[in-house]
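Please look over the chain below before reading on.

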Amino acid sequence: MTENTPPASVNETTEKTAAVIEPIRLPTIEEVRGQDIWNNCAVRSVASGIMGGGLGMAMGLFLGALDNPIQQEQMTGRQLFVYTAKQMGGRSWHSCKAFAVMGLIFSAAECVVEKARAKHDITNSAIAGCVTGGAISAKTGGPKGACLGCAGFAAFSVAIEKFLDRHE
């Protein structure tokens, strides 16, 4: 400070450092209705199934394009194109169905568990992962496969939740 400038008063200093208090904004009627619709477990599950199907279709297209036929040297360019297109279509449809079912079951289980427990924490994801893994694995692996699928998918769900740090 120089001699010509007066010292700052205590009020000016505290006004500069004090946080500005903003009024609380209440949600509009449209926002409340949108939240009510999205909080419906059926809507959330169907939306997750559709998004999972889209992701599965994209992955199937990508992985189907990477599949090389065994007799690649003996095929013409047109035959190779037709073979690759069929592989891409088959893989994308298979992956679409698998990811759609997985997304639907996981989202429905998580939503139901969350509403029943009235909590939003990592335990919901673990339970939903167990239900999803068990349901998907039970068809082909029987009870042992269902148990392994339950444990594996639950562990994967918890790891993803920890990685994304959604719950504190």
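**Helix 3 and its surroundings**

In this predicted model, the residues of helix 3 that are buried are Cys41, Arg44, Ser45, Ala47, Ser48, Gly49, Gly52, Gly53, Gly56, Gly60 and Gly64. These buried residues pack against two other elements, helix 2 (29-38) and helix 4 (77-117).

*Geometry and capping of helix 3*

- Helix 3 covers residues 41-66, and its 26 residues reach 37 Å from the first C-alpha to the last, which is close to the 38 Å expected at 1.5 Å a residue.
- The N-terminal end of helix 3 is capped by Asn40, from which a side-chain oxygen lies 3.0 Å from the backbone nitrogen of Ala42.

*The chain as a whole*

- The secondary structure amounts to 5 helices and 0 strands, so that the order of elements from the N terminus reads α-α-α-α-α.
- Among the contacts in the chain with a separation of 6 or more, 60% are accounted for by residues 24 or more positions apart.

*Asn124 in helix 5*

- Asn124 belongs to helix 5 (residues 122-164), and Asn124 counts as buried because its relative accessible area is 1%, under the 20% cut-off.
- The side chain of Asn124 makes a polar contact with the side chain of Arg117, at 2.7 Å.
- When its neighbours within four places in sequence are left aside, Asn124 is in contact with Glu110, Val113, Glu114, Arg117 and Lys119.

Methods:
Residues are numbered from 1 along each chain as its sequence is written. This is a predicted model: local features need pLDDT of at least 70, side-chain atom pairs count only at pLDDT 80 or more; totals for chains, interfaces and linings use all residues. Side-chain values use heavy atoms; hydrogens and water are left out. Helices (H or I, at least four residues) and strands (E, at least two) are DSSP runs, numbered from the N terminus. The expected span of a helix is 1.5 Å times one less than its number of residues. Buried means under 20% relative accessible area, exposed over 50%, partly exposed in between (1.4 Å probe, protein chains only). Contact means heavy atoms within 4.5 Å. A polar contact is a pair of N or O atoms within 3.5 Å; within protein, one must be able to donate a hydrogen and the other to accept it, and residues adjacent in sequence count only if both atoms are side-chain atoms.
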